[in-house]
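Let's take a walk through a protein model together. Have the sequence and the 3D view open side by side, and follow along as we go.

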Amino acid sequence: MTEEDLNYLDLAQACVTRADDAGAEWCDVVAGTARDISVAIEKSGIKSADAGRGEEVAIRAYVGGGMGYAAVTGRDRKTIDEAVDRAVALAKEATDDPDFRRLPPPQPRPEVEGIFDDAVAGLSVEQVVRIAVANIEAARAVEPEAILSGSVALSVGRGALASSTGVALESRATEISARISALLRRDGDTGYFYEFDFGRNLADCRLETVSVAAVEGARRFLGARRIGSGRRTLVLGPLAAYGFLGRLVAAAGAESIQRGRSFLCGKEGEPIADACLTLVDDGLVPRGVRSGAHDGEGTARRPLTVIHQGCLAGLLHNSYTAGKAGTESTGHGTHAGGIRPTNLRPALGDCPADELLAEVEDGIYLESGEIRPDPASGDISASIDFGFLLKGGERVHPVESAMLGGNVFDLLQRLDAVSSDAREEPGILMPTLRIRDVQIAGAE
Amino acid sequence: MPLKGVTLDMDDLVRHVCDLAKRRGADFADARAVRRHGESVLVQDGRADKLAASADCGIGVRVLVGRAWGFASADSLQRRRAEQCVDDAIALAKASEAVVTDPARMAAVEAVEAEDRTEPEVPPGAMPVAEKIDRLLQYERAGRAAASDGHQIVNAIVSYAQAWREETLANTAGTLLRSAGSRAVATTLFVASDGEILQRGTEQRGIVGGAELLRRVQPEPFSVRAARKAVAALDAKPAPAGRFTVLFHPSITGLLVHEALGHNAEADSVWAGESILEGRLGEEIASPAVSVWDDSTLPGQFGSFAYDSEGTPGRRRPLIQEGRLVAYLHSLETAAKFDADPTGSARAESYDCRPLVRMSNTFLAPAGADTGVPLAEMMRGIDRGVYLEDGHWGYVFVQKGQFICHAGQAHMIEDGEIGEPLRDVSISSLTLDVLKNIDAVGEDFEMEMPGMCGKDGQSAPTDCGGPHVRVRDVVVGGHHTL
């Protein structure tokens with residue numbers, strides 16, 4: 001049997017049968033393969049070309065509601081059989097869990113176009129190297145002194161999911177990306193930024209010019225200066241806003257709320273943000289980078305409104321949390337038992353980002369940076385990694401050694417605008433957000 | 001699910017791969033064959049919630065052909081798949097050789113033939129899963145009991161994970177190195193509520209070893225401490241915002257030297273022109289009270305190893321001595337490019353990863369009895385400042401020398417005295433500023449920050465620590481100005 005002709009669905013179903021025989025009351029198995037190519041850029045040159053190929057089988061078994069899980073790489077049947085037996089044995093050791101109801105049954109599978117692209121799957125190493133070289137040359141043309149690092153990478157995978165409830169699904173997917181940072185050092189000054197482009201389809205990406213956007217970013221961040229502390233308007237550019245909203249949606253995972261450890265506990269149906277914020281998680285967007293017909297447990301994906309006009313409208317469920325809550329899974333389960341958001345699509349506002357900025361008298365524009373609320377308290381204490389001082393609606397200069405602080409609810413309630421325009425990546429919308437009266441800490 | 005058999009077949013395989021690579025035109029090649037297995041147990045709110053096991057094996061082949069590197073891996077130890085890796089790696093190198101502008105080089109490799117097998121006190125599988133569950137439940141019960149009001153704890157998680165790894169490395173210079181050992185980590189999280197807000201307390205312990213960790217770690221400094229932290233944080237106030245003199249607990253000192261200095265001292269970043277330490281060897285970059293080491297030889301410490309992923313012996317290496325930058329961390333390649341000695345700092349997460357320059361156990365050395373400043377004296381020198389404790393996480397942009405460290409707990413310092421408790425808070429600064437602004441270093445020392453350090457998509461076990469230190473002009477990311 002060659003690498004290509006292994007039937008992963010047959011393999012997964014055989015593992016389910018073995019788990020049943022070993023005493024599993026419920027069981028599901030994923031089996032699949034992935035092939036990766038990555039070309040590394042360092043010091044504005046090609047550093048290395050890497051390739052890998054792997055297969056994995058992961059078994060999840062339940063006895064009395066207790067879960068056992070085992071994962072192995074490769075296709076050696078003896079090793080796989082041992083993993084199945086181990087998963088069942090571990091499930092028997094786990095404490096009974098009356099909150100476990102059942103694994104998802106077979107269900108109609110939605111069609112999601114554009115998840116697999118033959119053009120990506122057919123790219124050779126030489127072609128990936130050419131994309132990397134094109135980035136180096138494009139950056140050199142606009143800024144010969146820029147120091148580039150990063151990678152151009154692709155992944156091609158296919159696999160199957162089978163369960164004791166009769167789920168039998170096969171899928172395949174591609175992804176390609178270019179992630180490049182640019183560094184400029186000039187007269188003791190440093191400008192640094194990174195950019196990326198990614199997608200499931202080659203036609204959705206402009207991979208060859210990511211470096212130019214990174215260099216332009218590095219130029220913008222030359223001349224950083226310290227600022228004083230005070231309360232200012234905070235404008236989150238598309239990347240910063242996406243990161244912030246991503247953390248918020250992750251906090252809406254039902255597991256952490258049911259366990260009582262999330263700052264969103266008790267907030268379902270309650271206003272948590274200004275009414276200008278509506279946020280949808282949609283795993284069915286055609287060609288979306290987080291799209292797929294079903295989640296890791298076989299539940300069909302569907303759009304979920306997480307925040308509707310400022311109210312926490314919906315939680316992300318897997319089969320376990322849905323069973324515990326007496327509701328339906330929203331299709332956000334991972335095979336290992338977790339919950340994961342898909343494509344985030346905030347509703348757009350009325351004014352373009354430029355106008356939102358123009359109205360800011362004294363503020364900070366955070367182009368990119370991590371704002372991660374504490375998962376329990378919601379407190380935020382974050383570095384302004386890539387930010388500008390705003391005065392009179394203009395970007396005055398980049399800032400260094402500055403931070404922002406507050407609580408996630410303070411920021412959400414002081415949100416006063418979502419831009420009408422947005423950066424768009426396949427499946428994902430990234431508008432600009434404006435938040436009034438945020439505590440900024442400066443080094444001056 | 002332990003995988004059987006390790007040495008002879010893996011020896012033959014990696015030697016064969018290197019011979020084949022040489023015959024097919026590689027100027028240098030190395031091969032790492034790896035078998036791993038692991039297990040994890042998670043106890044949550046009185047129940048053994050998730051029990052998991054994993055096993056994998058594979059080979060990674062790295063070749064240098066002319067000026068270019070190629071690397072290929074396969075999740076198999078079959079001869080046919082390994083030989084395919086050789087062909088793939090050579091093809092990958094050739095595909096990029098014409099466009100390589102910074103030719104790859106390697107330091108002269110001294111052949112090593114050695115075996116480094118560190119058996120845990122409790123071999124894998126020797127402690128039954130049920131015993132591990134019992135131990136974790138004991139931790140949880142102790143933590144809940146220690147909270148001043150048991151009802152305040154709304155969620156408790158205690159987990160244990162162990163990973164066993166056997167690896168055989170060969171290269172075209174004649175090295176054959178067999179290593180085997182395991183690491184174990186125990187983690188706990190308690191979440192407390194007063195009905196209005198939630199707060200967390202966490203602790204983590206990790207060793208080079210196995211399930212003996214669960215016998216060594218007592219509840220008091222682990223789950224009990226985490227539960228008390230969570231409850232205490234309910235009464236803590238948000239930290240102030242602005243620039244302060246700050247006192248670092250050893251865990252924060254560890255984060256500082258790991259994030260702010262250590263990553264900048266990794267020679268691959270320096271060679272790439274990205275580190276702010278480029279061209280600064282021999283320069284005074286820190287206060288004279290500051291000496292920083294990276295030491296992979298500390299017995300049992302989470303970041304320790306005998307040989308790195310290229311077969312270079314691990315060692316104790318100074319990075320800063322009395323304020324002066326004296327060395328970078330090197331792989332064989334960066335050592336060649338800098339004409340320096342390899343430091344045994346090339347580490348690969350597994351067979352499917354190229355070795356990168358990484359830290360091991362990084363620490364700021366405690367001051368001697370003649371220069372050390374006691375904690376109380378450090379505090380006396382602060383009119384209004386912040387005492388940061390309970391190091392959690394951090395990250396750095398080496399290109400800008402800008403870092404952030406997050407503290408799980410803090411206190412105000414007022415007129416030289418410890419003041420009211422503060423909630424978790426982050427600080428940020430520039431590496432070259434903060435190292436020079438350290439104006440007091442303690443004689444004490446603690447290194448208990450086991451964790452997985454991320455770089456270029458790989459993670460490596462590391463540890464970090466140091467003494468208490470006092471630092472001027474640090475930006476605290478609080479909620480309000482005073």
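**Where the chains meet**

Start with the place where the two chains touch: 69 residues of chain B are in contact with 66 residues of chain A. Keep in mind that this is a predicted model. On the chain B side of this contact, strand β2(B) gives the most, with 11 residues. Sort the residues on that side by class and you get 32 nonpolar, 22 polar and 15 charged ones.

Now let's look inside chain B. Chain B is divided into domain 1, covering 7-233, and domain 2, covering 242-476. Taken over C-alpha atoms, the centres of these two domains of chain B are 23 Å apart. The domains also touch: 35 residues of domain 1 of chain B are in contact with 28 residues of domain 2 of chain B. Which parts of domain 1 of chain B each supply at least two residues to the side that touches domain 2 of chain B? They are the strands β1 (28-44), β2 (47-65), β3 (68-74), β5 (153-171), β6 (176-193) and β7 (198-208), along with helix α5 (220-233), of chain B. The largest share of that side comes from β7(B), with 6 residues. By class, the side of domain 1 of chain B that touches domain 2 of chain B has 16 nonpolar, 10 polar and 9 charged residues.

Staying in chain B, find helix α6, residues 250-262. This helix of chain B has 13 residues, but its end C-alpha atoms are only 16 Å apart, short of the 18 Å that a straight helix would reach at 1.5 Å a residue. Is α6(B) mostly covered or mostly open? It's mostly covered, as 13 of its 13 residues are buried.

One more stop in chain B is B:D390, which sits in strand β15 (residues 384-397) of chain B. B:D390 has a positive phi of about 60 degrees, although it is not a glycine. Why does B:D390 count as buried? Because it has 20 other C-beta atoms within 10 Å, and 20 or more is what it takes to be called buried.

You'll find A:R287 in the loop between β8 (279-281) and β9 (304-308) of chain A. A:R287 is partly exposed, because 17 other C-beta atoms lie within 10 Å.

Next, look at a pair of helices in chain A. Helix α4 (residues 125-142) and helix α5 (residues 210-220) of chain A pack at an angle of about 40 degrees, with their axes 7 Å apart. The crossing of α4(A) and α5(A) is right-handed. From α4(A), the contact is made by A:N135, A:I136, A:A138, A:A139 and A:V142, and from α5(A) by A:V210, A:S211, A:V212 and A:V215. By class, that contact has 7 nonpolar, 2 polar and no charged residues. As for spacing in general, an α-helix has 3.6 residues a turn, so residues three or four places apart point the same way.

Finish at A:A203, in the loop between β6 (189-199) and α5 of chain A. A:A203 is exposed, because it has 10 other C-beta atoms within 10 Å. Along the sequence, A:A203 and A:V120 are 83 residues apart, yet in space they are 9.3 Å apart, C-alpha to C-alpha.

Technical notes: Residues numbered from 1 in each chain as written. Chains lettered and ligands numbered in written order. Predicted model: local features only at pLDDT ≥ 70, side-chain atom pairs only at ≥ 80, totals over all residues. Domains from an automatic or database assignment. Contact = placed C-beta atoms within 7 Å. Helix = DSSP H or I, 4+ residues; strand = E, 2+ residues; numbered from the N terminus. Nonpolar A, V, L, I, M, F, W, Y, C, P; charged D, E, K, R; others polar. Axes fitted to C-alpha atoms, helices over the stretch in contact; angles between N-to-C directions. Left-handed = near helix turned anticlockwise from the far one by under 90°. Buried ≥ 20, exposed ≤ 12 C-beta atoms within 10 Å, placed from the backbone. Expected span 1.5 Å × (residues − 1).
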